Amino acid sequence: MTRILGISGSLRRDSHNTTLLRAAAEAAGPDIELELYDGLKEIPPYDEDDDVHPRPASVAGLASAIADADAVLFATPEYNASIPGQLKNAIDWVSRPVATNVLRNKPVAVVGASTGAFGAVWAQAELRKVLAALGARVVDLELPVPHAHTRIDEGGLTDDEIRAGLADAVEALASEARQRERVKVVA
Amino acid sequence: MSTATLTIAPAGTWSLDPVHSRVDFEVSYLAGTFKGEFHEVGAELTVDGERASLEGTAKVASVDVKDENLSAHLQSPDFFDAERHPELRFATEDIRLHGDGKVSVNGELTIRGVTKPVQVTGTVTPPIVDYMGNDRIGLNLTTSVDRTEFGVDWNQPIPSGDPALANDVTILAELQFVKPGGETS
């Protein structure tokens with residue numbers, strides 16, 4: 001069983017990006033478990049003065065959720081052509097110390113939805129850059145979901161093409177995680 | 001120029017003296033040259049008549065670039081991907097010693113799991129006998145590779161739009177080999 005943690009960059013209750021992750025969980029193969037992280041709103045603003053042992057419980061919770069997962073799937077909206085501040089802030093917390101952070105070598109992938117025409121492509125690119133810089137194994141894929149309000153309703157995702165893209169993204173991520181497990185076993 | 005193949009060292013198996021050896025790399029970065037060293041290196045030189053073969057490794061996890069965060073970045077999938085490719089490897093069975101003490105080597109270099117032929121040049125220090133009565137030679141080798149051919153293609157543009165990090169990387173190996181004995185003295 002491959003365990004994937006889903007992190008949505010949107011806090012909104014009816015978030016399109018959180019809905020995408022739920023759809024990804026449903027589209028995942030039988031040997032993949034995708035669990036949604038729901039503590040993003042509780043992460044305090046990063047302050048090095050607070051980055052002491054023990055860390056804030058919300059931060060420790062996120063770090064251990066990432067550490068326990070075989071891979072992480074991010075779904076990000078785009079705020080002003082970039083990553084939402086709260087998501088970036090959470091990554092900044094768990095990226096420290098950089099040399100030993102929980103995302104180091106962790107297979108990660110990024111998808112994203114926006115109500116605009118481009119489907120959060122810039123935020124996805126920036127998030128991939130940030131994740132690569134702190135040492136994650138970033139899967140080379142992009143899944144933009146433009147005009148998200150036309151592809152998602154109260155019942156969830158209504159676009160089968162996007163659903164197939166999510167299934168592919170989850171499988172690519174799980175494949176990286178399985179390969180990492182093999183490397184560990186050999187080593 | 002002489003192209004005669006001479007014996008690089010007396011026949012036998014020569015072991016690396018890792019304390020008195022080093023493997024460094026140099027690459028243009030921003031306004032200068034960035035240098036790093038791999039601390040954990042291993043190598044063995046085998047001389048059999050006129051044939052000499054060399055195999056060497058460097059542990060990616062031992063890369064030292066003065067900053068632990070940068071070292072971690074170099075080990076990450078962005079650069080060497082130490083988790084999947086923990087070693088750099090070099091192997092050759094074609095070491096030619098020219099009359100002037102210079103050596104030329106056609107070998108294969110493996111970085112990030114990608115093996116490419118490389119041409120290496122350098123010098124050899126003729127055998128001496130050390131304090132312990134062992135034979136000892138020095139071999140200094142240099143090569144230049146395009147890191148992107150090995151899949152090490154990270155970059156970041158500076159404000160002018162130019163890349164911050166060059167593609168051509170110089171690799172320098174300063175190696176001392178030891179062989180028990182003292183027969184050459």
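## Two chains, from fold to residue

Q: What share of the contacts in chain A with a separation of 6 or more is due to residues 24 or more positions apart?
A: Such residues account for 78% of those contacts, a contact being heavy atoms within 4.5 Å.

Q: Which conventions apply here?
A: This is a predicted model, in which local features need pLDDT of at least 70 and side-chain atom pairs count only at pLDDT 80 or more, while totals for chains, interfaces and linings use all residues. Residues are numbered from 1 along each chain as its sequence is written, chains are lettered from A and ligands numbered from 1 in the order in which they are written, and side-chain values use heavy atoms, without hydrogens or water.

Q: How many helices and strands does chain A have?
A: Chain A has 5 helices and 8 strands, taken as DSSP runs numbered from the N terminus (helices: H or I, at least four residues; strands: E, at least two). Their order along the sequence is β-α-β-α-β-α-β-α-β-β-β-β-α.

Q: Why is chain A said to be as compact as a globular protein of its length?
A: Its radius of gyration is 16 Å, close to the 16 Å from the globule rule for 187 residues, so chain A is as compact as a globular protein of that length. The radius is taken over C-alpha atoms, and the rule is 2.2 Å times the number of residues to the power 0.38.

Q: What does the C-alpha trace of chain A span?
A: The spans along its principal axes are about 45 × 40 × 25 Å.

Q: And how much of chain A is buried?
A: Buried residues make up 49% of its 187 residues. Buried means under 20% relative accessible area, exposed over 50%, and partly exposed in between (1.4 Å probe, protein chains only).

Q: Where is Gln124(A), and is it buried or exposed?
A: Gln124(A) belongs to helix α4 (residues 121–133) of chain A. Gln124(A) counts as buried, because its relative accessibility is 0%.

Q: What lies around Gln124(A)?
A: Beyond its neighbours within four places in sequence, the contacts of Gln124(A) include Thr76(A), Val110(A), Glu142(A) and Pro144(A). A polar atom of the Gln124(A) side chain lies 2.9 Å from the backbone oxygen of Gly119(A).

Q: New topic: which residues does the cis peptide bond with omega of about -5 degrees join?
A: That bond joins His53(A) and Pro54(A), with Pro54(A) in the loop between β2 (32–36) and α2 (57–68) of chain A. A cis peptide bond with omega of about -10 degrees joins Arg96(A) and Pro97(A); Pro97(A) is in the loop between α3 (85–94) and β4 (107–113). For context, most peptide bonds are trans, and most residues other than glycine have a negative phi.

Q: What is phi of Asn105(A)?
A: Phi of Asn105(A) is near 65 degrees, a positive value. Asn105(A) sits in the loop between α3 and β4 of chain A, and at 11% relative accessibility Asn105(A) counts as buried.

Q: And Lys66(B), buried or exposed?
A: Lys66(B) counts as exposed, because its relative accessibility is 86%. Lys66(B) has a positive phi of about 75 degrees and lies in the loop between β6 (63–64) and α1 (68–75) of chain B.

Q: What do the buried residues of α1(B) pack against?
A: They pack against α4 of chain A, together with β2 (22–29) and β6 of chain B. Among the buried residues of α1(B) are His73(B) and Leu74(B).

Q: Which residue caps the N-terminal end of α1(B)?
A: Asp67(B) does, with a side-chain oxygen 2.9 Å from the backbone nitrogen of Asn69(B).

Note on methods. Polar contact = N/O pair within 3.5 Å; in protein donor to acceptor, adjacent residues only side chain to side chain.
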